[in-house]
Amino acid sequence: MVPPREMASLVESGKQVIDEGRITEALRASREPDESRLADLLAKARERKGLSLTEVADLVHLRRPEHVQALYEAAAEVKQRIYGDRVVLFAPLYVSNECVGNCLYCGFRRDNRDLKRQTLTQEEIASEVLWLIEHGYKRLLLVYGETPRNGVASMVEAVQTVYATHSGAGEIRRVNINAAPLSHEDFKALQPAGIGTYQVFQETYHRETYARMHPCGPKADYDWRVTVWDRCIPAGIDDVGLGVLLGLTDWRWDLLALLDHARYLDETYGVGPHTISVPRLEPAFNTPLATNPPAPVSDDEFRKIVAIVRLAVPYTGIIMSTRESPDMRRECLRLGVSQISAGSRVSPGGYAEVDAEENADFDEAQFKVGDHRGLDEIMRDLCDQGYLPSFCTACYRAGRTGPDFMALAKPGEIHNFCLPNALLTFKEYLLDYATPETRAAGEKVIWDNLDKVEDEQVRRVAEERLAALDAGQRDVYF
Ligand code: SAM
Ligand code: SF4
């Protein structure tokens, strides 16, 4: 769908997107909610209609353990009502670590002269994809450093290479991208390649901090970055992914700004962000700032952030990467995270080169990874924790994106698709890629969850399609 605001009036100033004064004022006027205000806020959040800026501003002050616990319980309830036990899995594929940027926190920054630079050729991309397909992945996130070499033409070629790579019945069915903001023209050129979500993290919405962290290169332009969706959505890519890099400035300010950006998108284009990512600053090779974050976010604060995001934008997916430890990822899945990466290698060529069970070399990686487990182990762990792993890509392939996706998601109708599709894609994984232990744990999860498909007709069809997968059919979905 082409959103109402057309390209004739493309937004150029960040001030049209984020009202920094309003955020500072909301935070200044906010205070820790008392018992009755907290009860009202959480009751509203439980209705799954989201929270306003001033409401979030109060929640960030929660300190008393029983209040924080109440926040967690509300977030867990909302998570369960909307997403059930499903967890979507993907892997990043680092295409290039070449970068003209000099972001003070990133291992790929220009001044890291000891980093071996590499941009994968199409053949190398295909080998990485083959490795990922043969380990059962269906969803990829292409990640790029920022150089003119990584322009839109090379992205289109990479996306085509990913979709064209097959191994038996295995294939990648959804390609997302995390890269620099593009121009409107470039987004229009990328759109026909068939990407899922385009992600750009603002890193920090706080201008002064932003300027210090991004001293040169195209990324120094705050306004160009914060107006990225005003060029992307009108170009027809309406699944967009937001994020802030936690640890650069006061997380309370950045969280409010991030959620205000989500509100702006919803009000302007009729669709909020498809996903929000919550990367927390990790140590990176030759990158002193990353080892000493200017505004570190503690584990307690981090859990609070995840829970608040879940309540504030209930229908937006929350992504958590392997930056976090297995324990933190388990906890945050309960509080609101709906998508996780698994078995990630965070340097170009990382999959095909080394066996995935080994740790990637720190001096080649973008940052230090916190969860080194492979996909199969994570799938089994999810089953043990009562979750249902999903590789579903049906919405994007059936054209249910942007506002069309939200129109189904908000009244809860998406359940008629998501649960059966999770069952079918997980079943495919179990049949084709799982170890015997994971297969045993997974089959039980499938049968337990089949009973939870409410619509009798859908349940019956899902059962038939599971049997069709057993009989050798592949890629069946609702
Ligand atoms: N070059 C593009 C850009 O800057 O937007 C995209 C790729 S960049 C590799 C992806 C994200 O990694 C960045 O947006 C940033 O949030 C995150 N990142 C960079 N350094 C990090 C670090 N030391 N720890 C955790 N995340 C980091
Ligand atoms: Fe380059 Fe992106 Fe890393 Fe900045 S965050 S140095 S732009 S790869």
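1. In which segment is Arg 474 found? Arg 474 lies in the segment after helix H21 (456-470), helices being DSSP runs of H or I with at least four residues, numbered from the N terminus. Leaving aside residues up to four places away in sequence, Arg 474 touches Ala 169, Glu 428, Leu 431, Asp 432 and Leu 469, where contact means heavy atoms within 4.5 Å.

2. This is a predicted model, in which local features need pLDDT of at least 70 and side-chain atom pairs count only at pLDDT 80 or more, whereas totals for chains, interfaces and linings use all residues. Residues are numbered from 1 along each chain as its sequence is written, chains are lettered from A and ligands numbered from 1 in the order in which they are written, and side-chain values use heavy atoms, with hydrogens and water left out.

3. Ligand 2 is surrounded by Cys 99, Cys 103, Tyr 105, Cys 106, Phe 108, Arg 109, Gly 145 and Lys 219, each with a heavy atom within 4 Å of the ligand. By class, this shell around ligand 2 comprises five nonpolar, one polar and two charged residues, with Ala, Val, Leu, Ile, Met, Phe, Trp, Tyr, Cys and Pro counted as nonpolar, Asp, Glu, Lys and Arg as charged, and the others, Gly among them, as polar.

4. The C-alpha atoms of Arg 474 and Pro 192 are separated by 25 Å, the two residues being 282 residues apart along the chain.

Technical notes: Helices (H or I, at least four residues) and strands (E, at least two) are DSSP runs, numbered from the N terminus.
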